[in-house]
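Dear colleague,

I am passing on the structure below, and after it I have written down what was found there. Please keep it open beside you while you read.

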Amino acid sequence: DARTDVYAVGATLCALLTGQAPPEALRPAIRSDELVSPRELNLEVTPGLKAAVLRAMQTAPDDRFQTVTEFRKALHDSLLVRSSALDKDAEPARLPEPIPVDQVHIRQRAVPASSSVPLVGTIVLQNARRVVQLACWGRDPIDQIALSPDGALLAVAAGARIDLYDVHTQQSVRRIETRGRTASLGFSADSGTLAAALQSSVQLWRVHDGQEIAVLHDLGIGVESVIFAPNRDTLALGVRDHSVRIWSIRERQMMAEFLGHSGIVAGLAFSPDGAILASGSYDGSACLWRVRDGALLGTLRGHDDWVLALVLSPDGAILATGSRDRTARLWSVDDGEGLRTLGDHGAAIRSLAFSPDGSVLASGAWDGTVSLWRVLGGERLAVLAGHEAVVQGLAFLPDGTRLISGSRDGTVRLWGPSR
């Protein structure tokens, strides 16, 4: 019976996607509502692939695909065509010819939970529980931190100044005076420009000599968040009047304004290609925007209080949000689906960061703790204690060997796996 072959292929794909053995096809106790969705165990599984695999594994043969050819087409559509839900106006993708199901290769995460490859010195699933403090410096209450994309410099804002530190030596290399207290801080993609959001303006400096190169004025009642687009020439601003504004640095003028929140916009994150912008607000929601035309692609609701932090995974597929309700949530960027909630942190979450491989999420809380979470399973891997006040910022080095945290207790701390 071809439907038995369909089940066998579906069960094999499920095992490849999740790393768990599938249920036996002939076990009569299994009902379709008891099948574990592969999407719950592997967040890279698209909704279409999830639906195809679960249909192939239905207990009743009549509920499965009736032929392998039918199953193959469903797999072809789900694996080779990325969801267009976020860009319905995009030019349709050109599809390659269907390939035999026995030649389909399922892409797995670079660091699956079952991997036995030792990655000494890198913060990954295998050694997250061995992360310890390696260094600590600073003295004045920290408002914000930002790590340059090349991993060489750490910007630390405290009061009306920003200190630039060499990450490897922890020595200060430059001090920049600001026009006020910094609410948000960010580097350009090439690490050459630094931007700071102040009360009602944004200052920009050349990193190599600290020279001020621009000041953006007339930004309403105050700017709460700032981030560079990947193209370096564009800034996104989260404003206290509930708007998100896109500014051209070269033209010194606003290019677009996105309206959709009913509270202060406290956090922003661009997708790697700059096509999608995520915003988090005191209204408890996160919004996904298409940058080229300002279309609101989705409003993600689930938090019971202010969204204070958000970050996109390195591949842009997952959005993490942190809230004053003491939880972090993971969302699918493709369809806005809530993927899971990461426990009660015991205090409001102020900062978030993904590890470079996307397998670990770090969260910084108001009680001074930093938690490390397994993204795929949602369990807490470790709690890093040491700070005595809210953790204002977190950043992983690009090679994943270190995690940096900055706190209102006046210290910057460097964390890494113990040897």
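**Leu 394 and the core around it**

In this structure, which is a predicted model, Leu 394 touches Ile 145, Ser 351, Leu 352, Ala 353, Ala 362, Ser 363, Gly 364, Val 370, Leu 403, Ile 404 and Ser 405, where residues up to four places away in sequence are not counted. Leu 394 also belongs to the largest nonpolar core, which has 17 residues, and it is listed there with Ala 362, Val 370, Leu 372, Leu 384 and Leu 403 as the residues that have the most contacts inside this core. The elements that give two or more residues to the core are four strands, namely E23 (360–365), E24 (370–374), E25 (380–384) and E26 (391–396).

**The sheet E6-E7-E8-E9**

Turning to another part of the chain, you will find an open sheet of four strands in the order E6-E7-E8-E9, paired in the antiparallel sense. Strand E6 (184–187) and strand E9 (212–216) stand at its edges and each has a single partner strand, so one side of each is left without a neighbour in the sheet. Direction ignored, neighbouring strands of this sheet are turned by 15° against each other on average.

Within this sheet, strand E7 (residues 193–197) and strand E8 (residues 202–206) are held in antiparallel pairing over five bridges, and a hairpin joins E7 to E8 through four residues. Strand E8 is mostly covered, with four of its five residues buried.

On its other pairing, E8 runs antiparallel to E9 over four bridges, and here Trp 205 has Glu 212 in E9 as its bridge partner. These two strands form a hairpin with five residues between them, and in the turn Gly 210 has a positive phi of about 75°.

**The sheet E18-E19-E20-E21**

An open sheet of four strands is also found in the order E18-E19-E20-E21, again with antiparallel pairing. Its edge strands are E18 (307–312) and E21 (338–342), each of which pairs on one side only, and the twist averages 20° from one strand to the next. Strand E20 (residues 328–332) is joined to E21 by four bridges, the two running antiparallel, and the bridge partner of Trp 331 in E21 is Gly 338.

With best wishes

Conventions. Residues numbered from 1 in each chain as written. Predicted model: local features only at pLDDT ≥ 70, side-chain atom pairs only at ≥ 80, totals over all residues. Heavy atoms only, no water. Pairing = 2+ DSSP bridges. Axes fitted to C-alpha atoms, helices over the stretch in contact; angles between N-to-C directions. Buried < 20%, exposed > 50% of the residue type's maximum accessible area, 1.4 Å probe, protein only. Core = buried A, V, L, I, M, F, W, Y, C linked by side-chain atoms within 4.5 Å. Contact = heavy atoms within 4.5 Å.
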